Amino acid sequence: MKVTFAFQFNKMIVDPKITPIPKLHGYLLGAIGPRPIAFASTIDKDGNPNLSPFSFFNVFSANPPIAIFSPARRGRDNTTKHTYENVKAHGEVVINVVTHAMVEQMSLSSTEYPLGTNEFTKSGFTPLESTLVKPFRVKESPVQFECKVKEVVELGTEGGAGNLVICEVVLIHVDEAVLDESGKIDQTKIDLVGRMGGNFYVRAHGEALFEVAKPLQSMGIGVDQIPIDIRTSSTLTGNNLGQLGNVESLPNETDVNDFKLTELADIFVELEDDVIALEKKLHEKAKEYLSEGKVDEAWKTLLSFND
Ligand SMILES: Cc1cc2nc3c(=O)[nH]c(=O)nc-3n(C[C@H](O)[C@H](O)[C@H](O)COP(=O)(O)O)c2cc1C
């Protein structure tokens with residue numbers, strides 16, 4: 001009997017060559033996520049509309065603007081999907097993004113309806129004429145990408161094989177409701193959903209959204225330049241070290257001292273006789289500053305220990 005799993009240092013090892021495809025599919029989809037969803041609108045050779053979601057999807061280039069999604073061969077019976085056949089017959093597609101308000105109807109549209117079924121009608125979405133391509137846009141979607149298919153790359157001939165539909169975006173429609181004052185897409189307004197493993201989705205909304213300062217704006221010192229006693233702290237996490245390593249330089253001694261006298265005096269008075277507790281307390285205080293995005297204050301707190 002073939003062994004599909006083995007354990008090595010607390011990790012289950014999965015060898016794709018000997019793992020049944022449905023199981024392998026589960027590991028790939030359960031770990032690679034959240035995945036954006038291309039709600040792909042196509043037409044068949046007779047001009048009938050088709051609408052289906054695909055989470056094997058992303059953007060790969062801005063110049064030229066290229067998005068790729070993959071209607072795979074069915075694992076069940078190795079047949080191909082209507083969307084794949086449609087883009088082969090008529091090389092145009094509209095990729096509509098999926099918001100939380102659309103998720104149930106979008107899911108309904110993924111039902112395996114017979115060829116020629118109009119999933120706009122089945123799922124209750126409103127078709128809108130496109131400007132440069134034949135397939136309809138989905139009115140309820142706040143961003144619609146009109147695309148010309150550049151190439152379809154078949155990755156295999158067996159069930160489960162992907163078919164990469166390489167799309168060049170020729171026109172983008174963005175709903176005013178998701179824009180900020182400067183005309184950019186406001187991430188707190190667009191309310192996108194992503195696909196996870198099994199029946200799980202995520203909603204990019206509220207507390208699920210957070211910002212990370214771009215390292216490209218400055219040349220961070222790097223985690224390796226953080227003093228060893230801070231780098232090996234049992235209080236600070238990997239995320240904390242990433243934040244600390246993203247500064248261009250450390251605060252100078254005068255600033256650290258001023259901060260110590262004004263902001264940390266209580267801690268130093270309270271724990272002046274217990275160096276170990278003092279260091280721990282300062283690391284906790286720095287962690288608190290980091291959770292509020294106050295990296296400079298965190299550095300001054302950490303450096304005040306040896307000051
Ligand atoms: C959120 C979501 C994402 C999906 N992603 C994919 C995918 O990336 N590739 C795929 O082949 N099927 C995917 N499916 C299943 C297809 O949508 C489904 O097979 C659909 O019926 C295909 O329709 P068609 O035959 O009209 O093209 C997904 C379904 C859902 C609900």
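Me: Phe-69 stands opposite Val-165 in S11. What makes S6 and S11 a pair?

Reply: In this predicted model, 4 bridges join S6 to S11. Pairing takes at least two bridges, so the 4 here qualify S6 and S11 as paired strands. They run antiparallel.

Me: How do you know that S10 and S11 pair?

Reply: By the bridge count again: 11 bridges join S10 to S11, and the cut-off is at least two, so this counts as a pair too. One example is Glu-146, whose bridge partner in S11 is Leu-171. The two strands run antiparallel.

Me: And what joins S5 to S6?

Reply: 5 bridges, with S5 and S6 running antiparallel. At least two are needed, so S5 and S6 pair as well. Asn-58, for instance, has Ile-68 in S6 as its bridge partner.

Me: What is the order of the strands in the open sheet?

Reply: The 7 strands go S4-S3-S7-S10-S11-S6-S5, and the pairing is antiparallel.

Me: Why are S4 and S5 called edge strands?

Reply: S4 (49-54) and S5 (57-62) each pair on one side only, and that is what puts them at the edges. As for the angles in this sheet, neighbouring strands are turned by 30° against each other on average, with direction ignored.

Me: What would you call the angle between helix H2 and S3?

Reply: H2 (residues 82-89) packs on the sheet, and its direction makes about 55° with that of S3 (38-43).

Me: Which residues of H10 and H11 meet?

Reply: From H10 there are Leu-282, His-283, Lys-285, Ala-286, Tyr-289 and Leu-290, which meet Val-295, Glu-297, Ala-298, Thr-301 and Leu-302 in H11. Sorted by class, this contact has 7 nonpolar, 2 polar and 2 charged residues. Lys-285 and Glu-297 are the charged ones, because Lys and Glu both belong to that class.

Me: How do you know where domain 1 and domain 2 lie in the chain?

Reply: From the domain assignment, which gives 33-208 for domain 1 and 215-303 for domain 2. Their centres, taken over C-alpha atoms, are separated by 46 Å.

Methods:
Residues are numbered from 1 along each chain as its sequence is written. This is a predicted model: local features need pLDDT of at least 70, side-chain atom pairs count only at pLDDT 80 or more; totals for chains, interfaces and linings use all residues. Axes are lines fitted to C-alpha atoms, for helices over the stretch in contact, and angles run from 0 to 180 degrees between N-to-C directions. Two residues are in contact if their C-beta atoms, placed from the backbone, lie within 7 Å. Domain bounds come from an automatic or database domain assignment.
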